[in-house]
Amino acid sequence: MLIQRRRFVAALGAGAIASTAGCSSTDGGDGGNGSGSGGESIGVAGETLTLTTTTSTYDTGLLDAIHTDFQEMYGVTVDAVAQGTGAALETARNGDSDVVMVHARGLEDEFMRNGYGINRRDLMFNDFVIVGPESDPAGIRGMSSATDALTAIAEAQATFVSRGDNSGTHTKELNLWEAAGTEPGGDWYQETGTGMGEALNIANQQGAYTLSDRGTFISQRSEIDLTILVQGPIEGGPEILANPYGVMAVNPGVHENANYDLAMAYIGWITSPAVQNAISEYRVNGEQLFFPRAVSEDPDFQQYVPEGWSSEGDDA
Amino acid sequence: MPVESTVPLIPALLGVSFRDGYVGSIVVVSLYVSLSAVALSTLVSVPAAVAIGLTEFPGKGFVKSVVNTGMGFPSVVVGLVVLFAVSNQGPLGTFDLIFTREAMIMSQFVLATPPITAISLAAVSGVDDGVRDAARVLGGTRIDVALVVIKEARYGIATAVLAGFGRAISEVGSVLIVGGNITSASGISKTRTLTTAIQLEARQGQYETAMVLGVVLVALVLTVNAVVVRFGDRGVAG
């Protein structure tokens, strides 16, 4: 807090000097950047990085497990705010966070296209699974198509619990219904507006189906009677159930108070081989929850830009 | 690898046990935020209640209605309003208050002030007119009269403060929104309170752990009430 305020004052000072010196090309943004990178040799030490993220990365304990390393390396504090993908992006859109880690590519792309997010990287992935009661009233067990399974659930009018909270999982679920060509509705379709853990408990109590990320399901499996009926791609299921996580910095050109230096340090750190390895070694109940994706021999330019984006002037 | 040294702490997240210092730190944050908010509310509410109670003015009934309505403010809405105020885009954006305890104190101040004012006002209004008149007849200034009335109404005012405290420490909606429910990676609370910790556990389906924290919260409120009542009996009356 104190340091941020000092930085703010320093930024004001730098801005004033720049303007009196007659550097007419830029104004506010220049002052902010200057104070961030120049000045003290300590750089980012003592500052606070605000990370807004989804409940699945936080609730599985992954972030607490790896963040200590980052905090010690840079002498900084990470404030991780677990909100769900929609809310995490909205908080960043208001300039209230420095870096976002979410899992809904469509929403991430929109965030980038609107200018709020920059320097996106693919971070890691796991997958979604369709879980339900052992009795499986809709008969979806072992189906190789997630959309067929949803269609079967809709036709059987078997109870389905939806997150209904604009989270990454909810977004994926809506995409699946759309791909299945089915408009979910009626008494059997219940929007709960809760986190994944609660949604699993509600589904458990009602003997209902739901879509869950594998990580949250694994971390809760011992307490509920639901079972995986349609696997995701990690266990050979359909690719449509893939659950990729991305990380990106808030654009300091839009929000000049965003801690861009520290956000980029964080992105560099979490996509480094050592931390990617730590992510793959993270276990809950002996099971791996997240699979690293940032380190690759082959270039992947699509991770930096909205999916399908290409520069028209570039393809000659 | 430092990561490995944190791995033994993970069972705590599964509700098996709590990490070192975790519960203690969220209790401290809960008390710090709620007691600060209630103290500030009391400083505003009690003088306001005395001023409203001891004077007659047109629209007094309307003011009372507004205060009483304030007791029913949904905490989530208060949280949203404070969020808009302290967000970097908001009027207080330059103070960097989002996701801080200070922002939480602001929202709990808004929540606690109406009940403390309303109940204090009822207590002040209930003081026998004769007490006021006697104080005036004996040559008391307006301040003297007010102090006499406060002393007469002290039990009602203590009840008001406790009601405000109960409202503040038990609400989850606004502190979750403006505070962000943040702990450090080692599990030491920055803006996590008992209520938001309970919400977090419930979100994960860890209902037993949530219940344990609920018991801690009730015990805490009980302790504060007992202390205030005891202190009130000795300090104010004596």
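In an unreviewed UniProt entry, residues 27–228 of chain B are listed as "domain: ABC transmembrane type-1"; such positions follow the numbering used here, feature names are shortened, and annotations may be inferred rather than shown by experiment. The structure is a predicted model, in which local features need pLDDT of at least 70, side-chain atom pairs count only at pLDDT 80 or more, and totals for chains, interfaces and linings use all residues. Residues are numbered from 1 along each chain as its sequence is written, with chains lettered from A and ligands numbered from 1 in the order in which they are written. Across residues 27–228, chain B is 75% helix and 0% strand, with end C-alpha atoms 18 Å apart. Helices (H or I, at least four residues) and strands (E, at least two) are DSSP runs, numbered from the N terminus.

Contact between the chains (C-beta atoms, placed from the backbone, within 7 Å) involves 35 residues of chain A and 26 residues of chain B. On the side of chain A that touches chain B, α4(A) provides the largest share, eight residues. By class, this side of chain A has eight nonpolar, 18 polar and nine charged residues; Ala, Val, Leu, Ile, Met, Phe, Trp, Tyr, Cys and Pro count as nonpolar, Asp, Glu, Lys and Arg as charged, and the others, Gly among them, as polar.

A:Tyr266 touches A:Leu49, A:Phe70 and A:Val99, residues up to four places away in sequence not being counted.

Terms used
Contact = placed C-beta atoms within 7 Å.
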